[in-house]
Each structure stands twice: as C-alpha cells, then as structure tokens.
Amino acid sequence: MSIRGAYRELVVLLCVVGSFSAEANNGDQMLGANAIQWGMAGATVGAPQDAAALFYNPAGLADLEIEEVRFDMGFGVINPPREVNGQNSDSDYYFVPAGAAAFKYSEQLRFGVGMAGLAGQGVDVPDAFPGTPGFQAVVTTKQFFRLAPTASYAVTEKLSVGASFNINYQSLALSNSNFDLGQTPVWGYGFTFGLFYRLSERWRFGLSYLTEQDMETVDWNSQQGRFSLDLDQPSRLAFGVGFRPAAGWLIAADITHIAFSDVQDEVDFDTPAGPSVLNFGWDDQTVFAIAVQKEITPRLTLRTGFNYGKSPIDEEDVDTNLGSPAITEEHWSVGLTRQMGKRVYSSFSYVRGFSNEVTSDTAPFNRIKLEQNVFHGQLTYEF
C-alpha cells in the first residue's frame, strides 16, 4: 500500500471511529460524577446533595449542610455492550473514579475541589465490516478527567453564586492493522459558572453554564509522519429545580442543553498529506432528567430517576460514527444512601441505559447499537 493510500485509509477509519467515545451516557457526557448523582439520573443542578455538585453547579456548594468539611469519594464500573453491524465489542467494563471535597470557610464563603472521569474509555470491534474480505478492526481508547477548584459565595440568604476553574486531561489512542497511534495525553481548560436560589424551604432553583473546554491538539508521531486531531469538549447550559413536598421527600428535575455541534460536527484533522476535516455531524442535545428521593428511616434514603436525551447521531451520520455508538437515549436509575456511623455514609447506584439502535439511511445501511449498565459506589465523611 502506498503512503498516500494509507493516509486515505486512516481518514476513512477515523471517520469510522468518530469521536473516540462510546461509554458515556448523554452523547459522550456522563450523567453524573458519583453514586448520589447517578442515582438521581443526573438531576443535581437545582438539588445539590454532596461536594461533587461543583461539577454541575458550583453555587450549589452553598446549600450543603457542612459544619467544616465534607468528603465524597467513589468509583464507577461501566458495562456498555455495543454492536457495529452485528459485531460485538470485546471491551465491556471500564473503571471511572470520582472524588470531591467541600470546605466551609465562613457562613458566606465555601471552597471545593473535585476530580472525576467524565467521558470516554473506547471501543474494541474485531470487524466493523463483516461483509467485506479481511478484518477491519476498530480499537480506540479515550480518557477524559477534570480537576475543578471551586468557590461558592452566598450573596444573600437566598442567592448564591459560584465558579470553577476546570483543568482537563484528555488521552486518545487509535490502533489498527496499518497504524498504531499510541495513547497520547493533552491538557485543556475551561470554566463553570453557577447560580443557586432558595425561594423557600421547599423550593430551590439552579442555573449553570459550562464553557466550551479548550483542549490542546492531539499530535501523534507515526512511521508515516505526524497526525493531529483538534477535539474540544462541548459547552453546557443547565437549569434545575429541587422541590421538597413533605419531610423526607425530594423531587428534582433538570433540563440541559449540550452544544455538541460546536465541537463534534466538523473536526480539524491534519495528516502528513495535508489538512482535512472529519464530518462527524453530531447535533446539539437537550437532556431531561427527573428524580424522586425518599428518606425511609433516619439512616436510609432511597432514590430513583429517569433521564432522556435524543441521540446526537442521526441516520445520516451513522457511517462516520461506527466506532462511536453514543446513541443511548433513555436511562433509568435507582440508588440508596445508608448512614454507617455518626459522620460516615455509603451510597450505591445502578443505572440502566436502555438499548438503542440507529441504521444508516444510505447503502450499505450500516448499523450501530448500544445499551448500558452503570454501577457506582460512594463513601462520604463529614465533620
């Protein structure tokens, strides 16, 4: 194969690989960072419950009941069975860590910091085109983590504001029979701004804006030369409501707009043969989340929720996203929190992402399919 022919094959394969992600939930964005947020199906902007609220509404730290410090540490295991043209991916389990802490500096001012895996992990399809001779394996890995120092300030008894400076780490890899673009890390940054308003003891409202996260260009050095991909993370605007109709009850609802089209519609891609553009064609996504939580006893709380967001990948874009079946639309969650000691709590959640399938509207009518099982555990200590 000539070098130029190899370049053409790589471009085609990268279009197949899409955005290097398949395990997240709303497009390529996680529903939450830890067990409590996953158990609430991601409805947290207007109903913050732990330090990890800083990832989705920094102002929400002001509503946490903290004497001095609260720590929330946990991890998740994601199981996303998926298919490309009937071929199962061989990688089906991924580990996602998360941790956050909130500190009460004064009655008005609070600080926090959190780190979590918020997107990615990869696909491992042995043959994306089983109807053609030979094997066309698609093997990718994506890791995306965020470190978010945060401050929240109570302007009045009812209104709080907050902001996070996001330090992002992203790592990408691509391997096939002709190319081996190894795991390459890049850094990036962005901001999250939030408002939180306590209308009454029963009603809370939250508003947050995550700016587009500017990531460094990923550069791969290969035997054929240098390849470069510019892949940023999308901005997000969210509004949330928290309602406590009676003692021990909480109803939370969020609506979130994710601007995928700004970063994953057309992506700049440079090869030794020259610059090009990868047309992934992702649409913006509007996500709806609603959850109910009930304190069963003073030591046990149960929760359940539902999350829906139309797939950002439509029929006309299947062919350029065969390695990125981020198409799950409906999620159902359950979770619980158990008080283990005077200051120690444990939380667990399970989320089921219901199977969804999208088929290309043009021959040869390629098909992608995805379902998800997500387990999270969390340990909380406050003093």
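**Entry 1. Ground rules**

I note that this is a predicted model, in which local features need pLDDT of at least 70 and side-chain atom pairs count only at pLDDT 80 or more, while totals for chains, interfaces and linings use all residues. Residues are numbered from 1 along each chain as its sequence is written, and side-chain values use heavy atoms, with hydrogens and water left out.

**Entry 2. Cavities**

I worked on a 1 Å grid over the protein atoms alone, where a cavity is a set of points that a 1.4 Å probe fits but cannot leave, and a pocket is an open set with protein on both sides within 12 Å along at least five of seven lines; lining residues have an atom within 4 Å of a point. Grid points are joined across faces, edges and corners, and a volume is the space filled by probe spheres set on the points.

I found two cavities of 30 Å³ or more in the structure. By class, the lining of the largest cavity has 10 nonpolar, six polar and three charged residues. Here Ala, Val, Leu, Ile, Met, Phe, Trp, Tyr, Cys and Pro count as nonpolar, Asp, Glu, Lys and Arg as charged, and the others, Gly among them, as polar.

The second largest cavity has a volume of about 40 Å³. I list its lining as Ile-36, Gln-37, Met-40, Ala-43, Thr-44, Ala-47, Gln-49 and Asp-50. Four of these residues are nonpolar, three polar and one charged.

**Entry 3. The largest pocket**

I then turned to the largest pocket, which holds about 1000 Å³ of space. Of the 33 residues that line it, Gln-49, Glu-65, Arg-244, Gln-293 and Glu-295 lie nearest its centre. Elements giving two or more residues to this lining include β15 (249–258), β18 (285–297) and β22 (367–382). The lining divides into 13 charged, 10 polar and 10 nonpolar residues.

**Entry 4. His-257**

I located His-257 in strand β15. The side chain of His-257 makes a polar contact with the side chain of Asp-284 at 3.4 Å. A polar contact is a pair of N or O atoms within 3.5 Å; within protein, one must be able to donate a hydrogen and the other to accept it, and residues adjacent in sequence count only if both atoms are side-chain atoms. Leaving aside residues up to four places away in sequence, His-257 touches Ser-235, Arg-236, Leu-237, Asp-284, Gln-285 and Thr-286, where contact means heavy atoms within 4.5 Å.

**Entry 5. Asn-166**

I found Asn-166 in strand β8 (residues 159–175). Asn-166 is buried, because its relative accessible area is 2%. Its side chain makes a polar contact with the side chain of Thr-192 at 3.0 Å. Not counting residues up to four places away in sequence, Asn-166 touches residues including Arg-146, Gly-188, Phe-191 and Gln-213.

**Entry 6. Aromatic pairs**

I counted rings of Phe, Tyr and Trp (its six-membered ring) as a pair if their centres lie within 6.5 Å, with planes under 30 degrees apart as stacked, over 60 as edge-to-face and the rest as tilted. This rule gives 14 aromatic pairs. Phe-75 and Phe-95 are stacked, because their ring centres are 5.8 Å apart and their planes lie at 25°. Phe-75 belongs to strand β1 (residues 69–79) and Phe-95 to strand β4 (residues 94–104), so the pair ties together parts 20 residues apart in sequence. Phe-75 is partly exposed at 42%, and Phe-95 is exposed at 52%.

Tyr-169 and Trp-187 are edge-to-face, because their ring centres are 5.2 Å apart and their planes lie at 70°. I noted finally that Phe-71, Phe-103, Tyr-381 and Phe-383 form one aromatic cluster.

Key. Helices (H or I, at least four residues) and strands (E, at least two) are DSSP runs, numbered from the N terminus. Buried means under 20% relative accessible area, exposed over 50%, partly exposed in between (1.4 Å probe, protein chains only).
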